[in-house]
Amino acid sequence: MRVAPPSTATVQDHVALAEIELCGELIIAASAADEERLSPDRIDEVLKVAAERSASTGQQ
């Protein structure tokens, strides 16, 4: 039986890493909030939804 040699190359899932970063941003915002829950508007602000939406449509 042959075993493949250990690889020094790492595989990165950029989508998963981005999702983890966004979750971290939400956790930080939630821990700093005075309210029990983040409002949908605050979530959009943390995730920069409006900025992404305007950038994709070319609006300011």
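**Lys-48**

I looked up Lys-48 and found it exposed, with a relative accessible area of 52%. That value is over the 50% cut-off, so I put Lys-48 down as exposed. The model is predicted, and I read every value here with that in mind. Next I checked where Lys-48 sits: the loop between α2 and α3 (49-57). Then I turned to its backbone. Lys-48 has a positive phi of about 60°, although it is not a glycine. I noted this down because most residues other than glycine have a negative phi.

**Whole chain**

I stepped back to the overall layout. I find 3 helices and 0 strands. Along the sequence the order reads α-α-α. For burial, I took the figure over the 60 residues of the chain: 5% count as buried. I also looked up the surface. The chain exposes about 5,800 Å². Carbon and sulfur atoms supply 56% of that area.

**α1 against α2**

How do I describe two packed helices? I use the angle between their axes and the distance between the axes. For helix α1 (residues 14-32) and α2, I have an angle of about 130° and axes 9 Å apart. That angle makes α1 oblique to α2. I checked the hand of the crossing as well, and α1 and α2 cross in a right-handed sense.

Which residues meet between the two helices? From α1 I list Leu-22, Glu-25, Leu-26 and Ala-29. From α2 I list Arg-42, Ile-43, Val-46 and Leu-47.

**Salt bridge**

I searched for salt bridges and have 1 in the structure. The partners are Glu-45 and Arg-42, whose side chains meet at 3.1 Å, N to O. Where do the two lie relative to each other in helix α2 (residues 40-47)? Glu-45 and Arg-42 are 3 residues apart there, so about one helical turn separates them.

I then looked at how open each partner is. Glu-45 is exposed, with a relative accessible area of 53%. Arg-42 is partly exposed, at 33%.

Definitions and conventions: Residues numbered from 1 in each chain as written. Predicted model: local features only at pLDDT ≥ 70, side-chain atom pairs only at ≥ 80, totals over all residues. Heavy atoms only, no water. Helix = DSSP H or I, 4+ residues; strand = E, 2+ residues; numbered from the N terminus. Buried < 20%, exposed > 50% of the residue type's maximum accessible area, 1.4 Å probe, protein only. Areas by Shrake-Rupley, 256 points an atom, 1.4 Å probe, with all protein chains shown as cover. Salt bridge = Lys/Arg side-chain N within 4 Å of Asp/Glu carboxyl O. Axes fitted to C-alpha atoms, helices over the stretch in contact; angles between N-to-C directions. Parallel < 35°, antiparallel > 145°, perpendicular 65-115°, else oblique. Left-handed = near helix turned anticlockwise from the far one by under 90°. Contact = heavy atoms within 4.5 Å.
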